[in-house]
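Let's take a walk through the charged pairs in this model. Have the viewer open and follow along.

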Amino acid sequence: MLGTPQGTRGPKQRVSVDEVIRAGIAVADEDGLPVFSMRKVADRLGLKLMSIYTYVPGRSELIGLMVDEVIGEIPHPPHPDGPLRDRLAGVARHLWDEYHRHPWLLQVESSRPWIGPHCCTRYEWQLEAIEGYGLTDLEMDQVTTMVCDFTAGAARASILAHRTTEESGISDAEWWAANAPVLEKVMPPGAYPLSGRVGTAAGQEYNAVGDPARSFRFGLDRLLDGVETLLRRHT
């Protein structure tokens with residue numbers, strides 16, 4: 001955390017930079033980033049808009065501080081002894097939970113990563129999970145990136161499914177019951193035998209359009225199968 005701005009002239013600051021960051025996180029948690037604004041943060045703190053800029057230079061910089069703050073809010077758990085598979089699964093689950101606590105993290109432009117103390121600690125922790133298993137430094141970076149990117153995509157699908165149910169006010173089962181008669185009229189019987197068979201089996205199993213958490217676990221297992229194949233090439 002950054003505390004209170006130092007070395008500035010004028011009236012004493014009413015709030016600290018830390019409070020501005022926490023207010024920004026609260027606004028983003030409630031509204032998401034597309035409509036996130038400095039004005040909303042100022043209003044939440046009872047400040048005038050321009051006074052916010054005495055704490056942080058702008059919206060982008062505030063979001064960067066917010067990202068670093070939420071990354072550090074839950075301590076990274078110790079990596080378990082044993083197979084690399086278990087350690088990488090722990091990295092993925094930690095990210096999965098973080099995205100579900102703060103879905104706006106998935107809306108942050110991340111082609112160039114935010115660099116802060118908690119972000120650096122996160123990367124170090126991720127690399128520690130795979131240190132000593134025989135991967136090259138480049139492979140360690142690529143494996144870490146692959147697991148993080150997969151988890152972000154899976155979490156995005158999960159959050160979108162939840163949001164769709166919440167905003168529509170109906171469950172997947174209710175949506176399907178309402179739309180199935182229409183689909184039966186426009187899709188001749190037997191025209192799509194494979195999708196009909198597989199879709200029916202999946203629908204009966206999930207009792208929904210899909211099961212994002214189950215898809216995350218399945219996809220992560222297959223991803224880790226591939227990492228284990230990579231490790232065997234080094235032996």
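How many salt bridges does the count come to? Take a salt bridge as a side-chain nitrogen of Lys or Arg within 4 Å of a carboxyl oxygen of Asp or Glu; by this rule there are 9. Keep in mind that this is a predicted model, where local features need pLDDT of at least 70, side-chain atom pairs count only at pLDDT 80 or more, and totals for chains, interfaces and linings use all residues. Residues are numbered from 1 along each chain as its sequence is written, and side-chain values use heavy atoms, with hydrogens and water left out.

Start with Glu-30 and Arg-44, whose side chains meet in a salt bridge at 3.1 Å, N to O. Glu-30 belongs to helix α1 (residues 17–31) and Arg-44 to helix α2 (residues 38–45), so this pair ties together parts that are 14 residues apart in sequence. (Helices here are DSSP runs of H or I, at least four residues, numbered from the N terminus.) Glu-30 counts as exposed at 54% relative accessibility, while Arg-44, at 42%, counts as partly exposed. The cut-offs are under 20% relative accessible area for buried and over 50% for exposed, with partly exposed in between (1.4 Å probe, protein chains only).

Next, look at Lys-40 and Asp-31: their closest N and O atoms are 3.4 Å apart, in another salt bridge. Lys-40 is partly exposed at 31%, and Asp-31 is partly exposed at 36%.

Now jump along the chain. Arg-85 and Glu-228 form a salt bridge at 3.0 Å, N to O. Because Arg-85 lies in helix α5 (residues 84–101) and Glu-228 in helix α10 (residues 212–233), the pair ties together parts 143 residues apart in sequence. Salt bridges with shared partners join Arg-85, Asp-221, Arg-222, Asp-225 and Glu-228 into one network.

Notes
Helix = DSSP H or I, 4+ residues; strand = E, 2+ residues; numbered from the N terminus.
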